[in-house]
Amino acid sequence: MPALSTDADRRDFISIGCAAGMSASIGAPTGGVLYVLEEMGRYWSTTLALRLLTGSALASVTAAFIGTAAARIHRTGEFLPEAYATFFVGRRPASYRVEELPTFIIVGIVCGLFGALFNVLSQYMISFRAKVYAKTKLRYALVTLLALIIWATILFVLPFGFDCVQTSPDYAAASAVSVGAPADVYSVVRGHCEPGYHNPMSTLTMARFDITAKRLLARGIPNAFEPGILVVWFLVLFFAIILMSNVASTPGVIMPLLILGAIAGRLVGSGFHQAFGHTDYTISPPSVYFDPGVYATVGAAAMFSGTTRTTLSMSI
């Protein structure tokens, strides 16, 4: 094809595909363009920027069109975020105080440190993989199968180490005031518990990663997850990503990294909420000061930025 006859043309098409994929997955065309600019953009021009923006916009609109149709939302001419946005948790005001700004800085520092640690350990794991797996493909396949079995076992067994808790009415109240929130955001997984109770660890582990992320980002339920549960799940997931990202059937790292950041942010937010926060029920909807869901959002962006050094695109 004449359009792909040079290295520059092929490089531009790769960049357009990357921007379109990011835009379709997160529903943000500008974020996809900025991601390519920060992560891949060694050669930049006005022509490339226009191509990136066009491809990203078309990809995002197509994903929104299909997502809205699949959700069977009969509103002519509307692309609703609850149907296609990956991390949409409902329309709810997220208030904060000026004194909370230093705590956001703490979240950024913590996630940046863990992001740097993740990169260092990943480099060691890549070197180890080259030494161990390079001999035979059969060994590579067996290690991959063993890793998948271990990971599935951990996901199933881990919730049994934590007690059941009574399902709080805050879930229903928060869902009622979060306009357009998908049903799985403010839902819980009962697991092995009796009716009326649920297992918080099962709520995190026994779900797709996108659902787990939304449950961590949910606002208005500051006591949804105890700090001990968040710490255990963070450590398990942190080392699991490093190991699983170096097997033959890699699950990817973008969504797990966002979940790691959301856990870290929610953990910091939970600590400050217990120490200084409260819920103001005199206004509608109730305002949660030091809301862990807000800190989870900041933490998700901070962890991904600390690992990939992409700040602008994740902020968008």
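Predicted model: local features only at pLDDT ≥ 70, side-chain atom pairs only at ≥ 80, totals over all residues.
Colleague: How many nonpolar residues are in the contact of helix 9 with helix 11?
Modeller: Residues of helix 9 including Phe209, Ala213 and Leu217 meet residues of helix 11 including Met255, Ile259 and Arg266 (contact means heavy atoms within 4.5 Å). That contact has 3 charged, 1 polar and 9 nonpolar residues. Here Ala, Val, Leu, Ile, Met, Phe, Trp, Tyr, Cys and Pro count as nonpolar, Asp, Glu, Lys and Arg as charged, and the others, Gly among them, as polar. The nonpolar number is 9.

Colleague: Now for helix 12: is the crossing of helix 11 and helix 12 left-handed or right-handed?
Modeller: The axes of helix 11 and helix 12 come within 6 Å and cross at roughly 135°. That makes helix 11 oblique to helix 12. A crossing is left-handed if the near helix is turned anticlockwise from the far one by less than a right angle, and right-handed if clockwise. For helix 11 passing helix 12, the crossing is right-handed.

Colleague: How many aromatic pairs does a search of the whole structure find?
Modeller: Rings of Phe, Tyr and Trp (its six-membered ring) pair if their centres lie within 6.5 Å; planes under 30 degrees apart count as stacked, over 60 as edge-to-face and the rest as tilted. Searching the whole structure gives a number of aromatic pairs of 11.

Colleague: How many residues apart in sequence are the parts tied together by Phe104 and Tyr295?
Modeller: The ring centres of Phe104 and Tyr295 are 4.9 Å apart with planes at 50°, so the pair is tilted. Phe104 sits in helix 5 (residues 101–133) and Tyr295 in helix 12 (residues 292–308), so the separation of the parts they tie together, in residues, is 191.

Colleague: Are Phe104 and Tyr295 buried or exposed?
Modeller: Buried means under 20% relative accessible area, exposed over 50%, and partly exposed in between (1.4 Å probe, protein chains only). By that rule, both Phe104 and Tyr295 are buried.

Colleague: Which helix holds Phe238, the partner of Phe114?
Modeller: The rings of Phe114 and Phe238 have centres 6.0 Å apart and planes at 75°, so this pair is edge-to-face. The two residues are 124 residues apart, with Phe114 in helix 5 and Phe238 in helix 10.

Colleague: What is the relative accessible area of Thr203?
Modeller: Thr203 has its place in helix 8 (residues 200–205). Beyond its neighbours within four places in sequence, Thr203 is in contact with residues including Ser187, His198 and Phe225. Thr203 is buried, with a relative accessible area of 2%.

How values were computed. Residues numbered from 1 in each chain as written. Heavy atoms only, no water. Helix = DSSP H or I, 4+ residues; strand = E, 2+ residues; numbered from the N terminus. Axes fitted to C-alpha atoms, helices over the stretch in contact; angles between N-to-C directions. Parallel < 35°, antiparallel > 145°, perpendicular 65-115°, else oblique.
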